Amino acid sequence: MIVTMNAQLTIHYISGTCSMGDILAAFTEKGLCQLTVDDTLAPQIEYLHQNFPDANIAEDTKNLNDSFRKIIEFVEHPVAELPVPLDLHGTAFQKKVWQALLESKPGKTMTYTELAQKIGKSDAVRAVGTANGANKIAILVPCHRIIRSDGNLGGYRWGLERKKTLLNRE
């Protein structure tokens, strides 16, 4: 889902590499609004522009170094505490799903059905799956912890191998 933003929204991003591939972190003045990881940087920049079409977007390698370093450390060695503040952009329902993901424990998976029950919407399993897939903050909002009811990992926007790696690290 594309969220239309105020034209005054400014987003700065920084990119680099980690063991998962090329990584891009984008920030508003409130916090991290997008974290992506992929084989190359170009689709991540395009995804940023798609998610925030009305925002002023610029690279910033000077002011974001400390936050970026903390994010990389978190990616490599996940802990329960988030390394930076988050600025979640989505519908009220999506934010409810993402908050439930943030409350999940490292190393513990749950099914889409269990996640729907956790937010009090047991009849909205598909909508929960869609909200999970719309998560813009990979790894920190741990959508990788959600699996299919048959125990299979299901999919992951950033690749099934990355999902396996993340779960194994936790």
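**Core and cysteines**

Let me start with the core. The largest nonpolar core has 39 residues, and Leu32, Ile71, Ile139 and Leu140 touch the most other members. By nonpolar core I mean a set of buried Ala, Val, Leu, Ile, Met, Phe, Trp, Tyr and Cys residues joined through side-chain atoms within 4.5 Å. Buried is under 20% relative accessible area, exposed is over 50%, and partly exposed is in between, with a 1.4 Å probe and protein chains only.

This is a predicted model, where local features need pLDDT of at least 70, side-chain atom pairs count only at pLDDT 80 or more, and totals for chains, interfaces and linings use all residues. Residues are numbered from 1 along each chain as its sequence is written, and side-chain values use heavy atoms, without hydrogens and water.

At least two residues each come from strand 1 (10-18), strand 2 (21-27), strand 3 (32-38), helix 2 (65-76), helix 3 (92-102), helix 4 (112-118) and helix 5 (125-133). Helices (H or I, at least four residues) and strands (E, at least two) are DSSP runs, numbered from the N terminus. Helix 2 gives the most, five residues. A second, separate core has nine residues, including Tyr13, Ala26, Phe52 and Ala55.

Now the cysteines. Cysteine 18 is buried at 15% relative accessible area, and cysteine 33 is buried at 2%.
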